[in-house]
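Here is a short briefing to read with the model open beside you. Take a moment to look it over before going on.

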Amino acid sequence: MKKVGFVYDYIFLKHEMPAGHPESSQRLVHIVDTLRNSDVWDKLIHLKPRRAGEEDIVAVHTKSYFDMVKEFTGYFDPDTYISGNSFEAAMYAAGAVIEAIDKCKRGEVERAFCAVRPPGHHAEADRAMGFCIFNNVAVGARYAQKLGYRKVFIVDFDVHHGNGTQHMFEEDDTVFYFSTHQYPHYPGTGKDTERGKGKGEGSTYNIPMSNGVGDKDYIYAYRDILPGLIKNFRPDIVLVSAGYDIHVHDPLSGIRVTGEGLKNILRGILLRSTTTYMPYLPYVFALEGGYDLHALGESVLCTLNELMAD
Ligand SMILES: [Zn+2]
């Protein structure tokens, strides 16, 4: 069994949303309840997030945006609300990914899941967007490189395209960004012709999915395409933007992935179904979307089971 870290703290519940907002603290409450009621809970290595440093955030965001968020409350855009405690929650959400990477580097865990909010992958260098304040996975990618993980492969299976993450690394050939997402859909980016720019050309890979597609198309992407990309890139660590709004029951989107489909996606990411298996490659997952509470809890449980499997 793999040593799997689970990074969580109640501070993530203090990022408070207006009533009826889909990205509510109940998402994390439900995930933790589901895990506690399963045999997975006692097998996890429970970790607390650290608070990211300003230098960690400004490695991918502008200093002026960082300073602005610190003082801001209210709607940043029509979707993205920033409450009094949101800045602190966002600092710890990014810090959770940092902590998980650190624990991998020290060998205390082999893989980790960060149950965080606010989510991150829509956040651009200079603005909050789509429920996201700081780009947790992007902050993690730069931190990982500081620790000596030279090449970082990011997989983003959230139903929405991770515009922020793509833009932050599109000119960088040391960070690969792979995304599957419903298209056309929010935020509007993620065409298959977007392949990176300049030095980074070829290290962005988008697979747009039509409204209504399900397991078959996703299994093809994750079993037949992704492993070859990971193998060719030869990363030192894999970071995953884990968005469970691909689930057939999710209210925000039209992709129809089932529990069985998710299992196959995860096995593709972990390279379990191929001859390219790299057992010592560290993996850090960070929660992005997922808005049907029952599906979300079951999906995270499924993820942890797959991460623990050898
Ligand atoms: Zn999403």
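Predicted model: local features only at pLDDT ≥ 70, side-chain atom pairs only at ≥ 80, totals over all residues.

Residues are numbered from 1 along each chain as its sequence is written, and side-chain values use heavy atoms, leaving out hydrogens and water.

**Zinc site**
- Asp158 (OD), Asp158 (OD), His160 (ND1) and Asp245 (OD) coordinate the zinc ion at 2.0 to 2.7 Å; donors here are N, O and S atoms within 2.8 Å of the metal (3.2 Å for Na, K and Ca), and sites may look incomplete because water is not among the atoms.
- Along the chain, the donors of the zinc ion are spaced as D-x1-H-x84-D.
- Aspartate 158 is buried, at 1% relative accessible area, and histidine 160 is buried too, at 8% (buried means under 20%, exposed over 50%, partly exposed in between, with a 1.4 Å probe and protein chains only).

**Sheet**
- An open sheet of 8 strands runs in the order β2-β1-β5-β10-β9-β6-β7-β8, with parallel pairing; strands (E, at least two residues) and helices (H or I, at least four) are DSSP runs numbered from the N terminus, and two strands pair if DSSP finds at least two bridges between them.
- The edge strands, each pairing on one side only, are β2 (45–47) and β8 (204–209).
- Strands β6 (residues 152–156) and β7 (residues 175–182) pair in the parallel sense over 5 bridges, and isoleucine 154 has tyrosine 177 in β7 as its bridge partner.
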